[in-house]
Amino acid sequence: MGGQFSGTVERVDATRWRIPRSGGMRVDGMIYASDELIHGAIGDGGAQQVANVAHLPGIVGASLAMPDIHWGYGFPIGGVAATDVASGGVVSPGGVGYDINCGVRLLRSDLPAAEARDRLKPLVDQLFRDVPVGVGVGGEFEFVGSELRSLLAKGAGYLLEKGLATPDDIDATESGGGLADADPDAVSREACKRGLDQCGTLGSGNHFAEVQYVEAIYDAEAAAALGLVQGTMAVMIHSGSRGLGHQVCTDYIKELRGAPAKYGIELPDRQLVCAPVESPEGRRYLAGMRAAANFAWANRQLLAVQVRRTLSRFFGQSEESLGLRQVYDVAHNIAKIEMHVVEGQRVKVCVHRKGATRAFPAGHEELAERFRAIGQPVLIPGDMGRASYVLVGAPGAMEQTFGSTCHGAGRVMSRTKAIEHARGRRIDQELAAHGIIARSRERTGLAEEQPDAYKDIDAVIRCVTDAGLARKVARLRPMGVIKG
């Protein structure tokens, strides 16, 4: 991770801290954090990256960071930046990240949590057997040739055609599970090869499938609209575009290496390599990024298919009788062309959300009809030992953050430090002592993702709700988790 930030940070209000524009910064930096969270944001290099992002051509508003901010590649994790497309605004692969469209999907159920808890260990073991997890691990689904091209072009919509998704699934997925103008030809042969049998697999790192229960309801109307009932079981799935997306990012960071010099762009960090959105290089990256994002939505759709099948067999009930419907699916690492109000004018901008979640409020035209009255569902996973949240977008997000909020708790330890911190401990046994069954394919998987490695999710959620970016709907507690 990076080092202590040496610049100026000024308090704006209870939830915001400004990095004043200086040097080559084109806008201010703005960090969302409470008193208890701001020191971590300044201490690990994330704040410096906020200032660096403010140098990007065409950036408007401010270089933003959510309260789960921590150091990343080029952009901080938790970073949000919008660039004005018509005014030479750029797109930067570092503003999306290597795991393109890493995101979260939540399935609700009618099953009382007590019934799941009574058989929790065999349930988690069965999920661990049935759902492919781990580095490089493939699964039962394989897409080659024209099938892979269709998947990259259409995302989860292609699986609807194949009978592997329902209209309800598509309706409850951000962007309908697919971005237009994705181009399979913008995805390299090596990337396609890496993704050959990885659609429908969890992968490793912080990705997981978690059996949860709805512990608390904060907004009865929104919860009812989303099908969330206190005391029932739910399953949260966290994964992305796997090796295919990683290779797409790798390819374009190399391909765009000469773009800044070509377009006269000066950058404080070469990890911010970028190109104008309307340039050939920018358009090609966006086309490849969209294809990888579509792969990720298809991946989470197929993971949901497998989870539903397992739960149906395990409990001896149909998916319908268990009520295994999708609450929502959100992207965390993505760049989208959107219309936003900037200085009183509607402007077409390229919104980078790097470890940040779209949070459109009630009434937004892009939301499916069923969400128009409550706002877009926002799924915020915590760590294995605490809790996750369901929020909905609030008007403040459109006014302040280009319709964005946080994406998780945010790390306070690098993976290396987390492994050192876990030396001599059994993280699985510590979790079991709190009633949480955990299974991991890799020896270091649980150590890297232990609860101590993350910020307190409750503090992060308080910050975004106090700032008016989102409002709380429900809190979900973990019961069992499988990881790579």
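Five aromatic pairs are present in this structure, which is a predicted model. Two of the pairs are stops on this tour.

**Stop 1: Tyr 218 and Tyr 389**

Select Tyr 218 and Tyr 389. Their rings form a stacked aromatic pair, 6.4 Å centre to centre, with 20 degrees between the planes. Now colour by secondary structure. Tyr 218 lies in the loop between strand E8 (208–217) and helix H9 (220–226). Tyr 389 is in strand E16 (residues 388–393), so the pair ties together parts that are 171 residues apart in sequence.

Tyr 218 has a relative accessible area of 37%, which makes it partly exposed. Tyr 389 is at 4% and counts as buried, because the cut-off for buried is under 20%.

The charged end of Lys 472 sits over the ring of Tyr 218, 4.1 Å from its centre.

**Stop 2: Tyr 252 and Tyr 285**

How are the rings of Tyr 252 and Tyr 285 arranged? Select both. The ring centres are 5.6 Å apart and the planes stand at 70 degrees, so this pair is edge-to-face. Tyr 252 belongs to helix H10 (residues 242–255) and Tyr 285 to helix H12 (residues 280–315). The two are 33 residues apart, and the pair links distant parts of the chain. Tyr 252 is buried at 2% relative accessible area. Tyr 285 is buried too, at 0%.

**Stop 3: H10 against H12**

The axes of H10 and H12 are 9 Å apart, at an angle of about 170 degrees. H10 is therefore roughly antiparallel to H12.

Show side chains at the contact. From H10, pick Arg 242, Leu 244, Gly 245, Val 248, Tyr 252 and Glu 255. They meet Arg 284, Tyr 285, Gly 288, Met 289, Ala 292, Phe 295 and Asn 299 in H12. By type, the residues of this contact are seven nonpolar, three polar and three charged.

**Stop 4: Arg 441 and Phe 128**

Select Arg 441 and Phe 128 next. Here the charged end of Arg 441 sits over the Phe 128 ring, 4.5 Å from the ring centre.

**Stop 5: Thr 405**

Finish at Thr 405, in strand E17 (residues 404–405). Is Thr 405 buried or exposed? Thr 405 is buried, with a relative accessible area of 0%. Which residues does Thr 405 contact, leaving aside neighbours within four places in sequence? Select Met 66, Ala 356, Thr 357, Ala 359, Val 378, Val 464 and Leu 469. Then draw a C-alpha distance from Thr 405 to Gly 393: the separation is 8.1 Å, for residues 12 apart along the chain.

Methods. Residues are numbered from 1 along each chain as its sequence is written. This is a predicted model: local features need pLDDT of at least 70, side-chain atom pairs count only at pLDDT 80 or more; totals for chains, interfaces and linings use all residues. Side-chain values use heavy atoms; hydrogens and water are left out. Rings of Phe, Tyr and Trp (its six-membered ring) pair if their centres lie within 6.5 Å; planes under 30 degrees apart count as stacked, over 60 as edge-to-face and the rest as tilted. Helices (H or I, at least four residues) and strands (E, at least two) are DSSP runs, numbered from the N terminus. Buried means under 20% relative accessible area, exposed over 50%, partly exposed in between (1.4 Å probe, protein chains only). A charge sits over a ring if NZ of Lys or CZ of Arg is within 6 Å of the ring centre and within 35 degrees of the ring normal. Axes are lines fitted to C-alpha atoms, for helices over the stretch in contact, and angles run from 0 to 180 degrees between N-to-C directions. Angles under 35 degrees count as roughly parallel, over 145 as roughly antiparallel, 65 to 115 as roughly perpendicular and the rest as oblique. Contact means heavy atoms within 4.5 Å. Ala, Val, Leu, Ile, Met, Phe, Trp, Tyr, Cys and Pro count as nonpolar, Asp, Glu, Lys and Arg as charged, and the others, Gly among them, as polar.
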